[in-house]
Amino acid sequence: MSRAKKKKPLTIKQIDEGIRSAGGYLTMTAKKLGVTYNAIYARIQKSSQLQRTLEEIQESYLDLSEYSLMKKIRDEDLGAICFHLKCKGKSRGYIERPPKESHEEKDQIVFNIDLGD
């Protein structure tokens with residue numbers, strides 16, 4: 001009867017590379033490294049280096065998304081403009097309110113804009 005070999009624990013470097021190659025998605029990281037999601041998550045919680053790696057990747061994708069949104073806005077894409085105003089323009093009075101229950105306004109987005117005096 002042969003004894004089962006105990007697998008060596010993954011190094012911080014291996015997990016770091018796995019996180020980077022999976023674009024920060026921990027389920028994919030775990031799959032690539034042959035461990036469970038919970039194992040990867042637990043190791044990240046214990047390592048400030050892995051936490052920084054994950055945060056760095058998440059921030060870079062957020063930057064990429066915002067850059068793409070800005071390109072759409074510069075191209076005058078109305079959907080992108082409305083989305084941006086809805087998310088970032090609240091302090092300037094751009095708010096979304098639910099449409100009234102009339103037939104005409106059912107598919108419209110309405111912004112309240114305070115133009116001052």
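In this predicted model, Leu64 lies in helix 4, which spans residues 48-74. Its relative accessibility is 48%, so Leu64 counts as partly exposed; the buried class ends under 20% and the exposed class begins over 50%. Together with Tyr61 and Tyr67, Leu64 makes a nonpolar surface patch of about 350 Å².

The largest pocket holds about 160 Å³ of space. Its lining consists of Lys7, Lys8, Pro9, Leu10, Gln14, Ile15, Val35, Ala39, Ile40 and Arg43. By class, these lining residues divide into 6 nonpolar, 1 polar and 3 charged. Two helices, helix 1 (12-21) and helix 3 (37-46), each supply at least two residues of this lining. Helix 3 gives the largest share, with 3 residues.

Ile15, one of the lining residues, lies in helix 1. Ile15 counts as buried because its relative accessibility is 0%, and the class requires a value under 20%. Ile40 also belongs to the pocket lining. Along the chain Ile15 and Ile40 are 25 residues apart, while their C-alpha atoms are separated by 7.7 Å.

The two residues with an accessibility value are set out below.

| Residue | Relative accessibility | Class |
|---|---|---|
| Leu64 | 48% | partly exposed |
| Ile15 | 0% | buried |

Conventions. Residues numbered from 1 in each chain as written. Predicted model: local features only at pLDDT ≥ 70, side-chain atom pairs only at ≥ 80, totals over all residues. Heavy atoms only, no water. Patch = residues over 30% accessible without salt bridge, like charges linked within 9 Å, V, L, I, M, F, W, Y side chains within 5 Å. Areas by Shrake-Rupley, 256 points an atom, 1.4 Å probe, with all protein chains shown as cover. Salt bridge = Lys/Arg side-chain N within 4 Å of Asp/Glu carboxyl O. Helix = DSSP H or I, 4+ residues; strand = E, 2+ residues; numbered from the N terminus. Buried < 20%, exposed > 50% of the residue type's maximum accessible area, 1.4 Å probe, protein only. 1 Å grid on protein atoms, 1.4 Å probe; cavity = no way out; pocket = protein on both sides within 12 Å on 5 of 7 lines; lining within 4 Å. Points joined across faces, edges and corners; volume = space filled by probe spheres on them. Nonpolar A, V, L, I, M, F, W, Y, C, P; charged D, E, K, R; others polar.
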